[in-house]
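Here is a short briefing to read alongside the model. It starts with the nonpolar packing and then moves on to the charged pairs.

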Amino acid sequence: MRLPLRLFPPLPAPVRTASSVPAGKLDFVPACSTTDARSLELLQDFVSRFRRLLVVTGAGLSTESGIPDYRSEGVGLYARTDRRPMQHLEFTGSAGSRQRYWARNFVGWPQFSSHQPNCAHRALRSWEDSGKLHWLVTQNVDALHSKAGQRRLTELHGCAHRVTCLGCGTITPREDLQRRFLSLNPDWSAQAGAVAPDGDVFLEDEQVLNFRVPSCEQCGGVLKPEVTFFGDTVNKATVQFVHKRLAEADAVLVVGSSLQVFSGYRFLLAAGDRKMPIAILNIGPTRADHLAELKVKGRCGEVLSAIQPL
């Protein structure tokens, strides 16, 4: 059984920008006014009161790095297109679906894998360094927390930068698979549409007909990104691991998530049952607003950069 705890070596820090949202990356961030001084003061007080924060992050953190989310009003994938993400049973049950998925992922990978952490990721890394952050649970699959050097980290839904074999369970880097795709498809090319939150792009079915998908080099099995597709469930050992980290924490902070997916929302329910203090930083409403003692509306980078881990 794979252990849910993964420690990631720190990667080089990206160049800092003057704004919390770099130029050209506002397209995926919902409209939001600057957070008022009183809200910042209240969030600072919340963070300062506790010593072992469990932080839950979502797609709203990565939109400021140029990665779209699914649900944001007006700018999320669901608002901009009628396309929907791959379902687990669709991927596992159909070779044609896997071919379409991997062809689109192959085209989108260079852009998706090049995204870098923003100032919100770096702020949370600094909270870990200071001892303020006990554990970080992310629902994102983009590896931006690990790129920022976060170590006390659980990637709840896996990571698109890794590939797993459904036969033998071997895990390999996604970059290795990209090289195999290039070797098998030297003359194949396609024009990509918009990139989805998981690195998928939009291609027409006829564009992928001749795309070749390799099998596992160890056993010949089916390769799948090491992510939890829609319709699948999170590994039980991972869920249990996060519940243990929650029990060790003294408060919970949600950053950039609407918590519409139960896999993340369950930990807020558990925190509520424990009467733990909860604060939420998000532009829009969340499923757990009724559980929070503090709700701050704002952009993640702008707000977290103003908070000191005292």
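**Cores and salt bridges**

W102, W188 and F211 touch the most other members of the largest nonpolar core, which has 26 residues. A nonpolar core here is a set of buried Ala, Val, Leu, Ile, Met, Phe, Trp, Tyr and Cys residues joined through side-chain atoms within 4.5 Å; buried means under 20% relative accessible area, exposed over 50%, and partly exposed in between (1.4 Å probe, protein chains only). This is a predicted model, where local features need pLDDT of at least 70 and side-chain atom pairs count only at pLDDT 80 or more, while totals for chains, interfaces and linings use all residues. Residues are numbered from 1 along each chain as its sequence is written, and side-chain values use heavy atoms, with hydrogens and water left out.

- Helix 5 gives the most, with six residues.
- A second, separate core of 25 residues includes F46, L61, L153 and L304.

**Salt bridges**
- The whole structure holds ten salt bridges (a side-chain nitrogen of Lys or Arg within 4 Å of a carboxyl oxygen of Asp or Glu).
- E293 and R49 pair at 3.0 Å, N to O; E293 lies in the loop between strand 8 (278-281) and strand 9 (294-296) and R49 in helix 1, so the pair ties together parts 244 residues apart in sequence.
- D45, R49 and E293 are linked in a network of salt bridges.

Key. Helices (H or I, at least four residues) and strands (E, at least two) are DSSP runs, numbered from the N terminus.
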